[in-house]
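Look over the structure below.

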Amino acid sequence: MTRDRESTWGRRLGGDSLAYVDSQIYTDPALFERELERIWGRSWLMVLHESELPEPFDFRTTTIAREPVIVLRGEDGVVRAFLNKCPHRGSLLLREPAGNLRQASPSGGPRHITCMFHAWQFDAAGQCTSIPRRKAGYQDRLTCAQVTLREVACEVAYGGFVWLHLAPNPAPLRDYVGEAFDALLPHLASEPLEIFHHHKTVVRTNYKLWHETNSEFYHDYMHHFNRVTSMQQPGYFDRRYDAYPNGHVTISSMVVKYTAYEHGERSLADSRELSFPGLEPNGWKLLDLFPGTAVNLRGSALRIDTMTPLSVDEVLIEFRGLGLKRDTPEERARRVRDHNTIWGPFGRNLPEDLLGVVNQGLAMRPHGEPLNLLHAREEGRSIHDEHGVRAYYHEWSRRMDHALAAE
Amino acid sequence: MEIDELIYTGCLLQDAREFNAWLELTAPELTYRIQAYSPEIRRAMTWLEHDRAGLAALFELTPKHHVDHAQWHRHASLYKLRVDDDRAQALTSLVVHHTLVDVGDTHRDSGSTRLFAVGRYRDQFRLHQGRWLLSDRTVELDTRQLGIGSHTIV
């Protein structure tokens, strides 16, 4: 390597005129710990859809910023969330990913959360209802009335999605989302949605890199499917990014030409008339919510990506697919097929997108040589502009009080 | 070819990525699907479903995508076989390992073998001109975390 090339490698591409981030933001374990505290512990997070809890006493378990959480539909129909921890000795309360409390546990009766360790019981509103041999052990020093589960702020909104916020007494969800959902809401909130797909994967990469993949479409060069169904079609470069307060970004609509994918007519073209309320057939809109959710409405299927960062270089990604609750069996089968043809674990695009961020994770590891990475494409906020990524890092930098991100 | 040999030959052909040769073992009315049950959403899911022509198209298009080139090894064990005249049904246990080539840390991991998935084939066969053909296959996967996923059928 010549001296000139060596010195060029360490400099920012294009000098000071181009927006960049230091790769340290993907690799520094200390920064990651701050992210959990300042971002993931202090944001409204979309965690699941209410159709995963259709009946009273249905529950789901999840994790936010390393805190285990129960999401539970009460007997009154209200969805609530609690830390999945027994206040007695800190044991996990519910182990299953989902279930219904009507089924009794070996340690306690039905319609209650029972800690398997010492059989303390809680009702579906989080109130302790039973402490075995309480009087004998605690006399009058402790009563059930003094014991509750730690409730987590929870709202059901924007198409029936369940949102949680770990911090006590957060500002309302609508203040956090603002107008970012306005373009999608008519398609998602006019009638009930229903989940039909869930799968997950743990990927060795930093979580922000997955959000970037959902926030910039310059990487469409990676996908044969997107090149032929979108990039080479009219309107592709007319799509625009719009940034909103709190780091959210939307991408405006286009119509995807599935028939351009060789043999695509076999599996996708007959879905042209199957869409969502108010969405033109094969229309496509996308919303990226800070810090790590993507709402991707494309043709007949709605895809939701949610993330649970596990460490600075490992993230759990969950993928959901949804249709309309009123779908006929035939309509539902078409939505499932359309969703999974592109986005399923055996789909055309998802393995490529995941391979892309795995490769980034391998190239940028903790304690590796730092890079200055460009987020600098400016094309009038059209689809290959990186306006969305810059908006994300503007918010990230504000939250983290960290100046290494792009300005 | 007897049914057990047909199932095992199918595995060998798929391991060798001889997918068109594998299609020769199937009937024109073939339906192939990959399914899994999600305890998270408490629903059965169909992750892939194709007829014979759809599978042929899938095999033709796969080279146009960025794919995982791992060497797959399908280990099948025929558990149940029921033959009724010119029709048959089989239940086969399936374990799929893959030996890594170019996904992940190639320098460290290429050549290492990992479990990809476990599950079952639920197959139906039809006797056609003295020859058994696979007419319907449902791959029931127990494994629901599949890494980056796959462009290849199981």
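## Nonpolar cores

The largest nonpolar core has 101 residues. Ile70(A), Val71(A) and Leu164(A) have the most contacts inside it. A nonpolar core is a set of buried Ala, Val, Leu, Ile, Met, Phe, Trp, Tyr and Cys residues joined through C-beta atoms within 7 Å; buried means that 20 or more other C-beta atoms lie within 10 Å of the residue's own, with C-beta atoms placed from the backbone. A second, separate core of 25 residues includes Phe346(A), Ala90(B), Leu94(B) and Phe125(B).

This is a predicted model: local features need pLDDT of at least 70, side-chain atom pairs count only at pLDDT 80 or more, and totals for chains, interfaces and linings use all residues. Residues are numbered from 1 along each chain as its sequence is written, while chains are lettered from A and ligands numbered from 1 in the order in which they are written.

## Where the chains touch

In chain A, 32 residues are in contact with 31 residues of chain B (contact: C-beta atoms, placed from the backbone, within 7 Å). Strand E12 (193-203) of chain A gives the most to chain A's side, with eight residues.

## A sheet in chain B

Six strands of chain B form an open sheet in the order E2-E1-E6-E5-E4-E3, with mixed pairing (strands pair if DSSP finds at least two bridges between them). E2 (43-51) and E3 (71-84) of chain B are the edges; each has a single partner strand, so one side of each lacks a neighbour in the sheet.

E3(B) pairs with E4 (87-99) of chain B in the antiparallel sense, over 13 bridges.

Conventions:
Buried ≥ 20, exposed ≤ 12 C-beta atoms within 10 Å, placed from the backbone. Contact = placed C-beta atoms within 7 Å. Helix = DSSP H or I, 4+ residues; strand = E, 2+ residues; numbered from the N terminus.
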